[in-house]
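Keep the coordinates open as you read.

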Amino acid sequence: MTRQAADFAAVAETGRRVLQTEAEALLALGRALPEDFEAAAQLLAALEGRVIVSGIGKSGHIGRKISATLASTGTPSYFVHASEASHGDLGMITRHDVCLLISNSGETAELRDILLHTRRFSIPMIGISSNPNSTLMQAADFKLTLPKLPEACPMGLAPTTSTTLTLALGDALAVAVMELRGFGSEDFQVFHPGGKLGAQLSRVEDLMHGPEMLPLVPADMAMADVLITMTSKSFGIAAVVEDGRLVGVISDGDLRRNMAGLMKMTAGELASRNPVTVTPDVFAAQALALLNERKIGALMVVDDNSRPVGILHIHDVLRAGVA
């Protein structure tokens with residue numbers, strides 16, 4: 001084995017060791033969830049104010065992410081820098097809020113003023129630390145104690161395992177509160193209107209063309225007029241209706257398959273009956289899957305009574321970023 005190959009093998013082994021160490025720590029945390037976890041989740045679910053998160057150093061970085069996750073899943077949250085809190089930002093914390101303070105040692109000096117502020121004004125405080133006997137955890141109303149496990153760093157100094165545990169515990173808390181609040185996909189889209197996630201949460205009604213664009217034709221319409229309607233609406237299909245209800249669809253494929261004698265037929269005679277449809281509340285991603293599965297370019301959108309209310313073309317879905 002060359003030296004380069006040996007070095008690579010050693011590096012890969014280090015990577016596996018770190019991941020294994022942190023994975024085992026997460027499993028340990030899952031087996032022994034902090035005793036106050038349920039009570040803390042119930043507190044946040046009933047909260048009228050915000051969750052104020054604070055920490056210093058790596059705990060601060062993790063705290064920012066926890067705060068962002070809480071906010072994006074329906075629990076108003078804000079990260080307050082502990083040092084700035086001592087210079088006026090304590091005014092951001094109200095009596096209606098809950099403070100979530102993070103310190104692996106539980107003795108972070110910079111958190112002192114926020115901690116005292118919560119005690120002075122009876123603001124509920126949740127502490128996250130691996131030291132149950134620390135100043136932070138002794139003062140906390142709700143104690144989320146992390147298991148004391150080795151850091152993945154070979155010197156046992158760099159925050160690795162401890163920050164992974166804190167981040168995962170924050171995710172668990174945010175998701176538990178989200179479920180207690182009944183926060184669903186519709187609510188999630190409100191907070192994620194942009195980007196790939198927002199696009200994937202779009203519904204058919206957000207992307208479809210409305211009634212004025214529908215290529216509707218009656219069942220007894222002559223094919224010459226059907227072709228004019230299909231050409232003018234530019235969707236490659238015509239929707240055949242009887243008594244206002246969709247009864248069939250004529251596609252470009254239907255035209256090609258029936259070229260012989262085409263102009264002697266009516267819309268109802270040529271139409272493919274029982275067409276594939278969707279309702280406006282279906283996720284656009286589901287509609288795209290249906291378009292791909294059936295190998296068609298457009299879907300008619302109908303209400304509960306099979307009355308056409310819109311049309312969704314595959315290009316509309318792809319332009320919106322749903323893929």
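Start at Thr-163, which touches Lys-58 and Ile-62 (contact means heavy atoms within 4.5 Å), not counting residues up to four places away in sequence. Thr-163 sits in helix H7. Helices (H or I, at least four residues) and strands (E, at least two) are DSSP runs, numbered from the N terminus. Thr-163 is buried, because its relative accessible area is 15%. Here buried means under 20% relative accessible area, exposed over 50%, and partly exposed in between, with a 1.4 Å probe and protein chains only.

Some ground rules apply. This is a predicted model, in which local features need pLDDT of at least 70, side-chain atom pairs count only at pLDDT 80 or more, and totals for chains, interfaces and linings use all residues. Residues are numbered from 1 along each chain as its sequence is written, and side-chain values use heavy atoms, with hydrogens and water left out.

Now to the cores. A nonpolar core is a set of buried Ala, Val, Leu, Ile, Met, Phe, Trp, Tyr and Cys residues joined through side-chain atoms within 4.5 Å. In soluble globular proteins, nonpolar side chains tend to be buried together. The largest nonpolar core has 26 residues, and Leu-44, Ile-126 and Leu-144 touch the most other members. Several elements give two or more residues to this core, among them helix H1 (3-31), helix H2 (37-45), strand S1 (51-55), strand S4 (125-129) and helix H7 (161-181). H7 gives the most to this core, with five residues.

Which residues does Leu-44 contact, leaving aside its neighbours within four places in sequence? They are Val-51, Val-98, Ile-126, Leu-173, Val-177 and Arg-181. A second, separate core of 17 residues includes Ile-93, Cys-99, Ile-114 and Ile-123.

Cys-99 counts as buried, because its relative accessibility is 0%. Cys-153 counts as buried too, at 12% relative accessibility. A disulfide is a covalent bond between the sulfur atoms of two cysteines. The test used is a pair of cysteine sulfur atoms within 2.5 Å. The structure holds zero disulfides.

Move on to Pro-215. Pro-215 lies in the loop between H10 and strand S6 (216-218). With a relative accessible area of 0%, Pro-215 is buried. Not counting residues up to four places away in sequence, Pro-215 touches Thr-229, Lys-233, Phe-235, Ile-237, Ala-238, Ala-239 and Ile-311. Pro-215 and Ile-228 are 13 residues apart along the chain, and their C-alpha atoms are separated by 9.8 Å.

On a 1 Å grid over the protein atoms alone, a cavity is a set of points where a 1.4 Å probe fits but cannot get out, and a pocket is an open set with protein on both sides within 12 Å along at least five of seven lines; lining residues have an atom within 4 Å of a point. Grid points are joined across faces, edges and corners, and a volume is the space filled by probe spheres set on the points. The largest pocket has a volume of about 370 Å³. Its lining counts 20 residues, of which Ile-237, Val-249, Ser-251, Ile-296 and Ala-298 are the closest to its centre. Strand S8 (245-251), helix H12 (252-257), strand S9 (272-273) and S11 each supply at least two lining residues. H12 gives the most, with four.

Next comes helix H14. The buried residues of H14 are Ala-284, Ala-287, Leu-288, Leu-290 and Leu-291. Seen down the axis of H14, they fall within an arc of 160 degrees (taken from the directions from the helix axis to the C-beta atoms), so they line one face of the helix. What covers them includes helix H10 (204-207), S10, strand S11 (298-302), strand S12 (308-313) and helix H15 (314-319).

Pro-280 is in the loop between strand S10 (277-278) and helix H14 (284-294). Leaving aside its neighbours within four places in sequence, Pro-280 is in contact with Arg-203, Val-204, Glu-205, Val-301, Val-302 and Val-309. Pro-280 and Val-301 are 21 residues apart in sequence and 6.3 Å apart in space, C-alpha to C-alpha.

Finish with backbone angles. Lys-295 follows H14, and its phi is positive, near 55 degrees. Asp-243 is not a glycine, yet has a positive phi of about 55 degrees. Asp-243 lies in the loop between strand S7 (237-242) and S8, and counts as exposed at 71% relative accessibility. Ser-306, also not a glycine, has a positive phi of about 65 degrees. Ser-306 is found in the loop between S11 and S12, and is partly exposed, with a relative accessible area of 35%.
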